[in-house]
Amino acid sequence: MALTAALALAGCGDDSGSGSGDTAKKPELKVSGAYVPEPTMDDMAAGFFTLTNKGSADRLTSATSDIAGSVTLHSTEGGAMKEEKSFAVPANGELDFASGGNHLMLEKLKRKPKQGEKIAMTLHFQKSDPITVEVPVKEATYSPKQHKSH
């Protein structure tokens, strides 16, 4: 009986989030490299970032921003843009949102963001808590590839 109680207590400790053994059971998400090019149109803008996951798989289900009436998820294949309901965030992998590929569309802008500003965007997931990021507005022609040193 004492053994059963000890095992039950050990099991409770693993669910507290403080144990190192629980990262394989849940996603561990981090956003990096986020930016919005200064939009050329008054009513929409694009958003890009990399989502790194050091845990189990999850799904990006939506995004919101106080600057936009709506934010939609898009993929691009063969030059054709398609709205998506969600994106898989692979276990121990990355989900890239980059120019010419996956991206967010901030639609029905309440105001046109200017270069140098930061706008808040919140990413919503199937399993994980939402992540809010302050996204810098870059020049319209910004490309992260040009700004990385190899």
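Below is a chat about a predicted model of a protein chain.

Biologist: Okay, what's the overall make-up, how many helices and strands does the protein chain have?
Modeller: The chain has one helix and ten strands. This is a predicted model, by the way.

Biologist: What share of the residues counts as buried?
Modeller: 37% of the 150 residues count as buried.

Biologist: What about contacts, how much comes from residues 24 or more positions apart?
Modeller: Such pairs make up 68% of the contacts with a separation of 6 or more.

Biologist: Let's do salt bridges. How many are there?
Modeller: The count is two salt bridges. In one of them, the side chains of D42 and K112 meet, with an N to O distance of 3.7 Å.

Biologist: Where do D42 and K112 sit in the chain?
Modeller: D42 is in the loop between β1 and β2, while K112 is in the loop between β8 (103–109) and β9 (118–125), so the pair ties together parts that are 70 residues apart in sequence.

Biologist: Is D42 buried or exposed? And K112, what does that count as?
Modeller: D42 counts as exposed, because its relative accessibility is 58% and the cut-off for exposed is over 50%. K112 has 25%, so it counts as partly exposed.

Biologist: And which residue does R111 pair with?
Modeller: R111 forms a salt bridge with E117, and their closest N and O atoms are 2.7 Å apart. R111 counts as partly exposed at 42% relative accessibility. E117 counts as partly exposed too, at 22%.

Biologist: Staying in that loop, what does K114 touch beyond its sequence neighbours?
Modeller: K114, in the loop between β8 and β9, is in contact with E38 and V137 once neighbours within four places in sequence are left aside. K114 is partly exposed, with a relative accessible area of 42%.

Biologist: How far is K114 from P136?
Modeller: C-alpha to C-alpha, K114 and P136 are 9.5 Å apart in space, and they are 22 residues apart in sequence.

Biologist: Switching topic: pockets. What's the volume of the second largest pocket?
Modeller: The second largest pocket comes to about 160 Å³. Its lining has 13 residues, and P37, P39, A45, A46 and F48 lie nearest the centre.

Biologist: Which elements give two or more residues to that lining?
Modeller: β1 (29–37) and β2 (44–53) do. β2 gives the most, with four residues.

Biologist: How do the lining residues divide by type?
Modeller: Eleven are nonpolar, two are polar and none is charged.

Biologist: Now S86. Where does S86 lie?
Modeller: S86 is in the loop between β5 (80–84) and β6 (87–89). The side chain of S86 makes a polar contact of 2.9 Å with the side chain of R59.

Biologist: How far apart are H124 and L60, in sequence and in space?
Modeller: H124 and L60 are 64 residues apart in sequence and 6.0 Å apart in space, C-alpha to C-alpha.

Biologist: Last topic, backbone angles. What's phi for N92?
Modeller: Phi of N92 is near 50°, which is positive in a residue other than glycine. Most residues other than glycine have a negative phi.

Biologist: Where's N92, then?
Modeller: N92 sits in the loop between β6 and β7 (94–97), and it is exposed, with a relative accessible area of 60%.

Biologist: And K108, what's its phi and where is that residue?
Modeller: K108 has a positive phi near 55°. Its place is in strand β8, and K108 counts as exposed at 59% relative accessibility.

Key: Residues are numbered from 1 along each chain as its sequence is written. This is a predicted model: local features need pLDDT of at least 70, side-chain atom pairs count only at pLDDT 80 or more; totals for chains, interfaces and linings use all residues. Side-chain values use heavy atoms; hydrogens and water are left out. On a 1 Å grid over the protein atoms alone, a cavity is a set of points where a 1.4 Å probe fits but cannot get out, and a pocket is an open set with protein on both sides within 12 Å along at least five of seven lines; lining residues have an atom within 4 Å of a point. Grid points are joined across faces, edges and corners, and a volume is the space filled by probe spheres set on the points. Ala, Val, Leu, Ile, Met, Phe, Trp, Tyr, Cys and Pro count as nonpolar, Asp, Glu, Lys and Arg as charged, and the others, Gly among them, as polar. A polar contact is a pair of N or O atoms within 3.5 Å; within protein, one must be able to donate a hydrogen and the other to accept it, and residues adjacent in sequence count only if both atoms are side-chain atoms. A salt bridge is a side-chain nitrogen of Lys or Arg within 4 Å of a carboxyl oxygen of Asp or Glu. Buried means under 20% relative accessible area, exposed over 50%, partly exposed in between (1.4 Å probe, protein chains only). Contact means heavy atoms within 4.5 Å.
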